[in-house]
Amino acid sequence: MSSRTKKYMTTRSLLTSWLALLAAVSLVVAMGTACQQEVVVGGGNQGGDNSETTNKDNQNQNQGEDHPYDDEYFEHHGPDDDQELTDAGSLQGSWRAAFVEGDTPLAYFDIFHDDGESSADGDFLAGPAISDMQDGTTGAIADVTISGAAVVVKWNPTTDDEELYTLELEAQGDDSYSGEFSAQRYPNTHEVSFSRRQVEQ
């Protein structure tokens, strides 16, 4: 046998040994991984299907204490027993302001007033008394001041930030006031009526 042939046989024998060793190592690693997976899968309900238990556990974890999705969670209990309720003030409700001449609507107001408070707030819906362009304009009332029988209401239905409309009113009964309308940039004043609206529920 030539030296070249001997060298080839030796190289082939070494290569075969390395391949066999690599195959053995791969087999050991694969068996180890399979054993770990078996432990994880079999760690639940031994001898049975634990998918139902796992699903329930996951649902409980997802809900947690911050998400008690049950009937009691959605039940309306009303105010707390120790919560102090405030009575409505005299201006609480919906009101209509109009020029006395022609009974032309100036504005409609929804006022939120707590009993005993000297101020209130709310929203307005402008009427066409000053301009048809203002009719339907909405916004927040700038100020409502109550002092005995006197009431002052201020609002701005225009696009001019410096403008301010004012009603200076005196009570004529529980549900009506009379007084005067004025504005910073509008040159005229008008007599106005201010009466509670009977809004259908």
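**A chat about the fold, core and charges**

Student: In what order do the elements of the protein chain run from the N terminus on?
Tutor: In this predicted model, the order is α-α-α-β-β-β-β-β-β-β-β-β. That makes 3 helices and 9 strands.

Student: What share of the residues counts as buried?
Tutor: Of the 201 residues in the protein chain, 19% are buried.

Student: Which residues have the most contacts inside the largest nonpolar core?
Tutor: They are L106, F109, V153, W155, L167, F181 and F194, in a core of 25 residues. Elements giving two or more residues to this core include β1, β2 (104-112) and β3 (119-126).

Student: Which element gives the most to this core?
Tutor: β2 does, with 4 residues.

Student: Turning to charges, how many salt bridges are found in the whole structure?
Tutor: The search finds 3. One joins R96 and D103, at 3.0 Å from N to O. Another joins R185 and D160, whose closest N and O atoms are 2.6 Å apart. R185 is in the loop between β8 and β9, D160 is in the loop between β6 and β7, and the two are 25 residues apart.

Student: And what about R196 and D175?
Tutor: Their side chains form a salt bridge at 2.7 Å, N to O. R196 lies in strand β9 and D175 in the loop between β7 and β8, so the pair ties together parts 21 residues apart in sequence.

Student: Which residues gather in the patch of negative charge on the surface?
Tutor: The patch consists of D87, D110, D114, D115, E117, D121 and D123.

Student: Is D87 buried or exposed?
Tutor: D87 is exposed, at a relative accessible area of 54%. D87 sits in the loop between α3 (71-74) and β1 (93-99).

Technical notes:
Residues are numbered from 1 along each chain as its sequence is written. This is a predicted model: local features need pLDDT of at least 70, side-chain atom pairs count only at pLDDT 80 or more; totals for chains, interfaces and linings use all residues. Side-chain values use heavy atoms; hydrogens and water are left out. Patches are made of residues with over 30% relative accessible area and no salt bridge: like charges are joined within 9 Å, nonpolar side chains (Val, Leu, Ile, Met, Phe, Trp, Tyr) within 5 Å. Accessible areas come from the Shrake-Rupley method with a 1.4 Å probe; for residues, only the protein chains shown count as cover. A salt bridge is a side-chain nitrogen of Lys or Arg within 4 Å of a carboxyl oxygen of Asp or Glu. Lys and Arg count as positive and Asp and Glu as negative; His and the chain ends are not counted. The place of a charge is taken as NZ of Lys, CZ of Arg, CG of Asp or CD of Glu. Buried means under 20% relative accessible area, exposed over 50%, partly exposed in between (1.4 Å probe, protein chains only). A nonpolar core is a set of buried Ala, Val, Leu, Ile, Met, Phe, Trp, Tyr and Cys residues joined through side-chain atoms within 4.5 Å.
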